[in-house]
Amino acid sequence: MLAALSRGLHLNANLFFGLIHNNVVMVKTLLLIGLGGGAGSMLRYLSARGAANLAAAIMPAGAGSWPGMIGTLAVNVTGSFAIGAVAGLAARYGWCTPEVRSLLAAGLCGGYTTFSAFSHENAGLLLAGHYGAAALYITLSVALCIGAAIAGMALTR
């Protein structure tokens with residue numbers, strides 16, 4: 001009976017300390033994502049503004065909102081490239097710990113542009129030969145997100 005009680009206490013202690021360890025890892029991961037996300041957001045602002053200013057200088061007068069959209073497009077394309085590079089380098093060289101991946105992919109790229117995650121997911125589907133799933137995901141994502149943006153604008157005007 002004493003052995004069973006001791007075993008029960010040992011299991012409860014393992015469970016307790018396991019939960020504490022998991023929470024510490026989660027907090028560390030969240031802090032890394034937040035750090036990367038903050039840096040990515042600032043980088044997005046600077047990059048989009050720089051690309052928009054360059055586009056405005058090159059485009060003819062009366063280009064309307066095109067320079068701003070070009071800035072966004074530049075951020076989306078470079079962010080997609082960045083998350084692909086992180087995934088590719090991690091797969092090729094195995095240097096990417098879960099913490100570094102959280103910092104760079106979810107944090108930096110996620111803060112820079114959420115389009116990078118969308119692109120990475122679709123690239124994975126396409127590379128795996130899931131063309132129908134990729135087409136459906138792309139179509140639904142674009143249509144629903146644009147629709148949601150229009151709805152949000154309409155509801156707040």
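Tutor: Two aromatic pairs occur in this structure. It is a predicted model: local features need pLDDT of at least 70, side-chain atom pairs count only at pLDDT 80 or more, and totals for chains, interfaces and linings use all residues. Residues are numbered from 1 along each chain as its sequence is written, and side-chain values use heavy atoms, with hydrogens and water left out.

Student: How is an aromatic pair described, and which residues form the tilted pair at 5.3 Å?

Tutor: A pair of aromatic rings is described by the distance of the centres and the angle of the planes. Rings of Phe, Tyr and Trp (its six-membered ring) pair if their centres lie within 6.5 Å; planes under 30 degrees apart are stacked, over 60 edge-to-face, the rest tilted. Here Phe115 and Phe118 make a tilted pair, 5.3 Å centre to centre with 45 degrees between the planes. They sit three residues apart in helix α4 (residues 115-127), so about one helical turn separates them. Helices are DSSP runs (H or I, at least four residues), and strands are too (E, at least two), numbered from the N terminus.

Student: Is Phe118 buried or exposed?

Tutor: Buried, at 14% relative accessibility. Buried means under 20% relative accessible area, exposed over 50%, partly exposed in between (1.4 Å probe, protein chains only). Phe118 also forms a tilted pair with Tyr137: 5.4 Å centre to centre, 50 degrees between the planes. This pair links distant parts of the chain, with Tyr137 in helix α5 (residues 131-156), 19 residues from Phe118. Phe115, Phe118 and Tyr137 form one aromatic cluster.
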